[in-house]
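Subject: the structure I mentioned

Hi,

Here is the structure I said I would pass on.

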Amino acid sequence: MMSKPWLHGFLDLCLLAMLAERADYGYGLAQRLAAAGVADVPGGTLYPALLRLEEQGLAVPSWAPSESGPRRKYYEITPAGRTVLAEQAAQWSRFRTGVDTLLTAVAPR
Amino acid sequence: MSDWPDRFHAELVRLGVPGPRARRLTEDTAAQAAETTTDPAGLFGPAHLYARHLVTELAAPVGATPPRYASGPVLLTLAGVGKRYRRRTVLSGVDLTVRGGEVAAIVGANGCGKSTLLRICAGLTRPDAGTVHRTRRVGYVPQDGGTAGWLTADEHFALFGAAAGVVPGRARSTGAHLAAKLAWRPEPGQRAQQLSGGTRQKLNLVLGELHSPDLLLLDEPYQGFDQGTYLDFWHQVHAWRDAGRAVVVVTHLLHDLGNVDHVLDLGER
Amino acid sequence: MTALVVAGLSAREVSRRRTAVLLVIALPLWFYLVRRDQTGQSIRMLALGIGWAISTLTLFVVNASRGVDPRLRLSGASVTGLVGGRLLAMSGTGALLALGYALLAGLDQDVPHPVLAGLIMLISALIAAPFGSLVGSLLPRELEGALALLSVCAVQMLADPAGLTAKLMPFWSVREIGTYAVDGGDISMLWHGLAHAALVWLLCAAGTLAVFSHRLRLAHYPEP
């Protein structure tokens, strides 16, 4: 599990990536994050991030009924969202390579 | 807790969110809670705190780099500040500027005037020379004292809340929430004088923060903290900074200084 | 709202100081029992004892708040709210104590003017609250304050009520109205007593407010 201070920077990236795969609603995204082993994201962190994506035009919401209980707000990634995702994925990749390089230098043989 | 959305909405409006937007955010938030079939208080915590959190979060740009917080507006400026007690000069020519999103440390030998300077920043002591500009909402955590021995933590929350014009119930829930961030759950009925030194300092910290000030002035606030709590404390300082607040902390621990944006060394006596 | 919350919490604070409260409740009783054989004396002593007890208790409450007051001011509390709230709490505590002893004296003795007897106990308690807070605001340590209160109350008990010294003391009204209530006399004694009580109350309350306004004044800095 990723510690919280790191997650803060990469939550948006994770959300955009998951939305690019398929549209989803908040609780579903939280479960996918947990299943991927990234983090258990509390609602107070996840929902503001989703609203922010929506307000900055990176994802569009639509309401859909659910079989059990109240209707859900599904988010779909926008073209602008895909652009940001591509940029951030590249950044992440550079960052990860850098960290990996540093870690392999000290890794136990 | 059916009035959670109302309180959430009211706090958004109080924070300057325009009416229609505040309504929309309130509806969204209620719908999100319904999705998980949890009540909003359980999912998001106290309504007013979540409102503040949401407003801060929405203002931040989407970005993948771990955030390096852009400094906000200047919240405290000291220019040429001096203080004398009778013949003895305690401070002279002190300059300091702290912006929102910054942490400043005041260091120096014992008796070099660190606490006096912090009291000047608070407005509890007047400087003899120089000028001070400061934001209005300020929280001050003294080195010791600052609590009423016969009152419980809950009663302190109510008392300090009342001073800031907050109704007791809401002040108590805010206090409990802030205490939890320092890994502390006040025991009902336990008076401040019965708390350990470290726990009393946690109470002190929560009281300084209860009215959500823009500028926090902390005078060696971690005395009696164990290692874990000490880390919680710095974690909290960074959370304040990330929320755009300014923090001025008096310290004598040099390894704290890696964590701060400014160091003001008052030097030897 | 600050004043009411401060008042409620101060009252709770007082109730938690069990030993001090028991001693304070008992104090007027000793005064009363010592002079129980003389109705007039015992009632006056009882009233002065209440004054001493409540002023001492107020002193403790005021001193206990020294640490929090500046912080409460920074959070936005007004000096009037803080001082007024404590005054309210201690006046209420005093009124309860006075009521209890008025009932006791009424049951135990054949008091000529039970209403007036109750009145002097109430006056004594109501003056004691601002007087105790004034002494507390001037003398920071509990022991010093308690000794000062002891001196004042002792002088008040011993000085000739007709003399100037007694008139300059805060509880003169208690003795004056007490004499009228027990021994009888001109009705003007009652009015003089009431006027003296009102004046002392005003002076002590204003004095407390002035001292705290000075001590808890905040530097007002311009915004950056």
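In chain B, the C-alpha centres of domain 1 and domain 2 lie 25 Å apart. The domain assignment, which is an automatic or database one, puts domain 1 of chain B at 4–59 and domain 2 of chain B at 138–265. Six residues of domain 1 of chain B are in contact with seven residues of domain 2 of chain B (in contact means that the C-beta atoms, placed from the backbone, lie within 7 Å). On the domain 1 side of chain B, the touching residues are two nonpolar, three polar and one charged. For those classes, Ala, Val, Leu, Ile, Met, Phe, Trp, Tyr, Cys and Pro count as nonpolar, Asp, Glu, Lys and Arg as charged, and the others, Gly among them, as polar.

Some housekeeping: this is a predicted model, where local features need pLDDT of at least 70 and side-chain atom pairs count only at pLDDT 80 or more, while totals for chains, interfaces and linings use all residues. Residues are numbered from 1 along each chain as its sequence is written, and chains are lettered from A and ligands numbered from 1 in the order in which they are written.

Now the chains.

Which chains share the most contacts? Of the two pairs of chains in contact, that is chains B and C. Their contact takes 26 residues from chain C and 33 residues from chain B. Helix 1 (2–16) and helix 4 (69–75) of chain C each supply at least two residues of the chain C side, and the largest share, seven residues, comes from helix 1 of chain C. (Helices, H or I and at least four residues, and strands, E and at least two, are DSSP runs numbered from the N terminus.) By class, that side of chain C has 15 nonpolar, five polar and six charged residues.

Between chains A and B, 28 residues of chain A are in contact with 21 residues of chain B. Helix 3 of chain A gives the most to the chain A side, with nine residues, and the residues of that side divide into 14 nonpolar, nine polar and five charged. Chain A and chain C do not touch, and their nearest C-alpha atoms are 27 Å apart.

UniProt has something on two of the chains, in unreviewed entries. (Its positions are given in the numbering used here, feature names are shortened, and annotations may be inferred rather than shown by experiment.) For chain A, UniProt places "domain: Transcription regulator PadR N-terminal" at residues 15–87; that stretch of chain A is 53% helix and 19% strand. For chain C, UniProt places "transmembrane region" at several spans, including 116–139 and 189–212. Residues 116–139 of chain C are 96% helix and 0% strand, with end C-alpha atoms 33 Å apart. Residues 189–212 of chain C are 100% helix and 0% strand, and their end C-alpha atoms lie 34 Å apart.

Back to chain B, for its strands.

An open sheet of three strands in chain B has the order 2-1-4, with antiparallel pairing (two strands pair if DSSP finds at least two bridges between them). Strand 2 (88–99) and strand 4 (129–134) of chain B are the edge strands, each pairing on one side only. Five bridges join strand 1 (residues 74–85) of chain B to strand 4 of chain B, and B:Thr77 has B:His133 as its bridge partner there.

Elsewhere in chain B, four bridges join strand 5 to strand 6 (residues 215–219), and these two run parallel. B:Gly139 stands opposite B:Leu216 in strand 6 of chain B.

Is B:Arg172 buried or exposed? B:Arg172 counts as buried because it has 20 C-beta neighbours inside 10 Å. (Buried means 20 or more other C-beta atoms within 10 Å of a residue's own, exposed 12 or fewer, and partly exposed in between, with C-beta atoms placed from the backbone.) B:Arg172 lies in helix 7 (residues 168–181) of chain B and touches B:Asp154, B:Phe157 and B:Ala158, not counting residues up to four places away in sequence.

B:Arg86 sits in the loop between strand 1 and strand 2 of chain B. B:Arg86 counts as exposed because it has 5 C-beta neighbours inside 10 Å, and its phi is positive, about 50°, although it is not a glycine.

Cheers
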